[in-house]
Amino acid sequence: MKALGIGRKATAVLLCASMAGALFTGCKKGDDLFPSISPRETMTVETEETGEESVPSLDESIRQLTVALPYSNETVQCLVSMLYCKNNGLWDSAESGLTVDTDYLYSVATDYVVTNIGCASTGAGIDTVREWSSGDGAPDLFLAQDCQAVRNGGYAEELNSYLSDNPYLNAQQIYARALTNDSEGGVFYAVPHFCSAEIIMGNTEFIPSGTGKLQTKNTTEDLEEYLEAISSEHECVPFASAYELIPYLGSAFNGDVPTSYMVSEEYASGSDNAKTIIDRSASFVRDLYEDSLATDLVDGSNPVYSRQAALWTDSSANVTDWAKYYPGTLYLLHIPCDDASNAGIPYISTYSLCVTRGSENGRFAAEFAAFISFDPDAQLLIYRLEKENMTGLMPLTRNEAVWDLISEDELFGHMASDFRQTMDNAVYCPASYSRIVKKTKDYTAEYVKGNDEFDPEKCYG
């Protein structure tokens with residue numbers, strides 16, 4: 001990308017300000033497991049698709065980027081200006097990402113040239129990344145739907161040498177497991193940008209009049225009784241495709257102990273306990289089908305899309321889309337616990353920022369990724385300017401002001417407030433678009449129909 005010849009303006013010194021100092025006080029204690037990222041002198045990786053080695057450029061003089069982010073160009077340019085001002089001592093303490101004048105931010109001339117080619121709200125899929133790689137249009141930095149697929153394909157740069165001294169990786173501000181979720185063997189391949197949680201969605205048209213809407217946080221017994229009340233009063237499918245609950249019920253049937261997606265990690269360490277957990281999860285779901293409280297199709301069609309379903313599961317990333325499909329009738333519930341005394345464990349999928357392998361601007365790309373993901377003012381600006389697009393998506397910073405802002409969302413805010421209290425115990429799952437999730441859905445759909453024991457090789461293999 002050619003430089004556009006944009007110079008600094010002296011008036012930039014008047015720019016804006018931040019409450020960063022105030023925002024960093026009163027936050028939760030940092031995670032004791034916060035990783036130490038060691039720089040690597042030579043960064044290489046064997047990949048599934050290319051089998052080549054990756055040696056990134058360490059040229060720090062270039063301040064140009066092409067990015068694929070799900071934000072407006074105006075938002076991206078404001079973020080660029082904010083980073084420029086903070087890097088050059090032009091950001092004082094009177095403003096924050098909530099209050100800064102965006103028109104002024106957008107007008108600031110900097111020597112950072114960032115072009116946004118855009119992407120879907122939850123990032124670019126692996127097919128899009130392959131297309132970029134096969135041509136000459138790959139951005140330096142992009143949001144990935146499935147970071148593991150990107151890494152396995154050999155499209156993501158190793159980031160250790162870029163992140164080892166990054167000032168935004170603050171143990172007091174970041175959920176450590178989110179960060180390590182994008183690493184393998186101590187090598188980091190992405191920066192987690194935001195996350196979604198698996199939840200239950202409902203249609204208010206089928207709320208039973210006798211009981212009213214189920215409490216947002218509920219138990220497996222509460223949920224079953226609620227479905228029975230729906231069934232007795234309404235002609236509908238009480239729970240559509242309930243088999244999709246199984247991968248996210250492990251913690252519910254394991255004393256609220258964080259239990260991996262589809263109990264896969266527990267199977268790897270000891271199959272007996274894992275079998276007990278998965279059998280209890282499956283028995284609960286199978287009972288729903290046997291009692292006609294759940295079904296997958298009605299007249300060959302998905303009851304959710306035909307508006308014949310009372311409840312279904314999905315990622316909170318899709319809340320905005322469902323709110324448009326069910327205008328004024330959508331409501332949200334947590335995945336149930338088996339015991340009312342349990343707090344509930346969130347099952348989280350992260351959407352991460354990857355630096356394209358071989359990018360000449362890798363260091364600046366990694367710096368920008370960490371800044372927009374973890375700087376409180378940058379996060380506040382994103383949630384402020386991209387409010388509708390960010391509904392259902394949660395930050396991976398502990399910052400109180402950021403969480404307060406998303407907790408104000410009319411539709412998702414009450415759930416965000418709940419997740420905020422339990423994020424330290426979150427289970428990090430494969431992205432909902434990944435091959436793993438598609439495979440486990442296919443398996444569980446068949447599994448609930450029979451009495452066979454759970455077969456991890458068929459499920460995970």
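About 40 Å³ of space lies in the second largest cavity. A cavity here is a set of points, on a 1 Å grid over the protein atoms alone, where a 1.4 Å probe fits but cannot get out. The volume is the space filled by probe spheres set on the points.

Before going on: this is a predicted model, in which local features need pLDDT of at least 70, side-chain atom pairs count only at pLDDT 80 or more, and totals for chains, interfaces and linings use all residues. Residues are numbered from 1 along each chain as its sequence is written, and side-chain values use heavy atoms, with hydrogens and water left out.

Ten residues line that second largest cavity, and Tyr-175, Arg-177, Met-423, Asp-424 and Tyr-428 lie nearest its centre. Lining means having an atom within 4 Å of a point. By class, this lining has five nonpolar, one polar and four charged residues.

The largest cavity has a volume of about 50 Å³. Its lining includes Tyr-248, Asp-256, Cys-337 and Tyr-347, and divides into seven nonpolar, two polar and one charged. Asp, Glu, Lys and Arg count as charged; Ala, Val, Leu, Ile, Met, Phe, Trp, Tyr, Cys and Pro as nonpolar; the others, Gly among them, as polar.

Now the helices, which are DSSP runs of H or I with at least four residues. How do α12 and α13 pack? Helix α12, residues 362-374, and helix α13, residues 376-385, pack at about 70°, with axes 5 Å apart. That makes α12 roughly perpendicular to α13, a label for angles of 65 to 115 degrees. Axes are lines fitted to C-alpha atoms over the stretch in contact, and angles run from 0 to 180 degrees between N-to-C directions.

Technical notes
Helix = DSSP H or I, 4+ residues; strand = E, 2+ residues; numbered from the N terminus. Parallel < 35°, antiparallel > 145°, perpendicular 65-115°, else oblique. 1 Å grid on protein atoms, 1.4 Å probe; cavity = no way out; pocket = protein on both sides within 12 Å on 5 of 7 lines; lining within 4 Å.
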